[in-house]
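Biologist: Hello! Please take a close look with me at a single part of this model, and tell me what surrounds that part.

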Amino acid sequence: MSPVTMTIAAQNTGSEGTPSEAAPVERASARPWSRRLMRPALGLALPVVLAVAWEFIVRMGWASGRLAPPPSVIFATFVDLARTGELQRHTLVTLGRVAAGFGIGVAAATVIGAAAGYSPLVRRLIDPSIQGLRAIPSIAWVPLFILWLGIFEASKVTLIAVGVFFPVYLGLMGAIQSVDRKLVEVGRAFRLSDVEMVRRILLPAVLPAYVISLRSGLGLGWMFVIAAELMGASEGLGYLLIDGQQLGKPAEIVAAIVAFAIVGKATDWLIVLAAAPFLRWEDVVRQD
Amino acid sequence: MLSRRHLLASAAAATLMPAGLARAAGKPTEIRIDWATYNPVPMVLKDKGLLEKEFEKDGIGIRWVQTLGSNKALEFLNAGSIDFGSTAGSAALLGRINGNPIKSIYVFSRPEWTALVTRKDTPINKIEDLRGKRVAVTRGTDPHIFLVRALLSVGMSEKDIQPVLLQHPDGKIALIRGDVDAWAGLDPMMAAAQVEDGARLFYRNKAANTWGILNSSEEFLKNYPDLTKRVLAVYEQARKYCLANYDDEKRVFMDVTKLPGAVVDIQLKERTELTFNRVGPEQRDSILQAGLALQQAGVIPANVDVKQTLNDLVDDRYVGA
């Protein structure tokens with residue numbers, strides 16, 4: 001809703017007593033429904049156009065599609081994998097790994113990040129070390145993790161947790177440090193207790209940045225699950241990827257990538273959805 | 001504006017077209033050829049600079065690319081990154097069935113390079129013992145095909161084991177570390193595991209090793225049939241040199257791989273014969289048997305005409321007498 005329609009809607013609700021002016025209110029609230037359907041469709045336009053164009057190019061014989069299979073072939077591979085139950089099994093395994101790694105990473109980052117954000121002493125003590133570790137590309141841990149933890153679940157989950165930890169830690173610590181002084185002073189003026197101060201001032205102030213950091217953490221989690229599964233796996237979407245590579249089946253590789261995209265987007269959406277009720281208070285300029 | 005459009009168009013063309021197409025007919029600026037620890041011949045070729053000498057006068061350079069297994073050689077051939085790649089015969093067939101436009105043009109060895117391997121302390125003694133176990137394997141290679149056929153021979157399939165996809169050298173490390181219980185091995189890593197770590201080959205079957213084959217892409221063969229003949233003629237020189245000078249072959253191999261002499265002797269002396277060159281009836285039959293077994297095991301779809309694909313795959317016109 002644009003700012004303009006918002007003001008109009010506000011004016012209308014202000015004078016809702018007269019029946020003649022009730023109609024525009026209804027129209028304003030009915031409009032988002034059609035838009036709600038239109039908006040995702042708009043997001044699909046670009047991939048669909050590209051897919052159709054590539055299908056057309058291959059059908060016309062302008063390109064062989066041997067190394068970059070057309071959508072119809074990828075879809076057939078997808079259906080094949082789904083019918084044998086392989087796709088579901090591999091997706092669930094990968095999802096489980098990401099969930100475990102994300103859970104551990106977020107838990108650790110939240111505790112340590114909150115402590116470092118809240119207490120200057122803790123921050124001076126541990127933040128430099130953590131920033132040092134953060135500078136190491138997480139992929140560099142792979143050989144060590146293989147030596148210490150082998151190539152199976154333990155090392156995979158650890159690698160994902162490491163990837164998730166840093167953005168969440170950094171986001172949370174930064175958010176706590178940058179809570180508006182004026183808000184805190186208002187809380188003091190109302191003589192809030194420490195618990196209430198955290199619940200009513202600090203938590204709401206920190207949450208938006210925390211949710212963003214969770215989302216980027218999850219994104220990294222998906223990135224690292226691939227790295228983890230490339231180091232040897234007997235199941236998971238990464239396994240499908242390597243299988244497609246070793247047997248020279250590009251369609252299977254793309255199918256695995258598409259599965260990654262769908263599941264990754266879905267989990268990101270879940271975070272947004274779960275966080276929405278807690279972010280209601282935000283008073284921001286919304287463009288959508 | 002025009003130049004930008006032109007730039008965009010050529011960028012699009014460059015990304016869409018296979019790399020090989022960009023090279024016009026006539027003669028290439030370089031020939032790209034693979035070397036691998038499972039193929040001793042190109043090591044000698046490379047060491048003596050035989051191909052470089054042969055093509056110097058034409059102004060054609062030689063670029064050497066290492067491949068870690070048949071799957072990698074096929075991947076590079078598919079992408080047009082190499083012109084000649086060493087694979088197992090059955091691996092080439094599987095690649096061709098999966099849409100890789102290659103031709104098998106030359107036999108570089110008759111190896112027994114794969115077997116099923118386990119550590120000395122595991123309870124695994126026969127194929128049946130693999131049920132439910134983790135087995136390291138590289139899909140699309142002779143060890144993979146060997147494993148599938150071995151399982152098939154006792155009525156099992158890959159579903160009865162837990163295949164762990166690792167490239168050959170990583171498979172050996174995973175076995176020795178204890179991450180997996182068995183490994184569909186490949187020489188020289190397999191010989192090294194035997195000598196250095198006491199690994200056991202619990203299932204061997206020389207007849208199910210499907211020849212060391214040199215492949216090229218259809219496109220390279222179409223554009224440069226004469227160059228191909230010359231490459232194979234030089235390959236023949238190196239193969240014959242190896243046959244006549246084992247000690248020098250061994251020295252070159254040890255220089256490159258840094259493996260101890262005992263390991264190299266097992267691979268090159270006991271398990272590799274370099275007395276063949278043509279993809280003849282014997283080789284075809286061996287590859288066909290592997291293909292039919294793979295079809296029975298479901299690795300090759302039932303609707304594929306394996307025999308016809310084999311005919312399309314093999315082309316032995318480029319080898320001299």
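How many bridges join strand β6 of chain B to β7(B)?

Modeller: Happy to! This is a predicted model, where local features need pLDDT of at least 70, side-chain atom pairs count only at pLDDT 80 or more, and totals for chains, interfaces and linings use all residues. Residues are numbered from 1 along each chain as its sequence is written, while chains are lettered from A and ligands numbered from 1 in the order in which they are written.

Four bridges join β6 (residues 134-137) to β7 in chain B, and the two strands run parallel. Helices (H or I, at least four residues) and strands (E, at least two) are DSSP runs, numbered from the N terminus; two strands pair if DSSP finds at least two bridges between them. B:Arg134, for instance, has B:Gln162 of β7(B) as its bridge partner.

Both strands belong to an open, five-stranded sheet of chain B with mixed pairing, in the order β7-β6-β8-β5-β9. Its edge strands, β7 and β9 (200-203), each pair on one side only.

Then there is the neighbouring chain: 24 residues of chain B are in contact (C-beta atoms, placed from the backbone, within 7 Å) with 17 residues of chain A. On chain B, the elements giving two or more residues to that side are α5 (70-78), β7 (162-165) and α8 (168-177). So β7 is an edge strand of the sheet and, by the DSSP runs defined above, one of the elements on the side that touches chain A.

Key
Contact = placed C-beta atoms within 7 Å.
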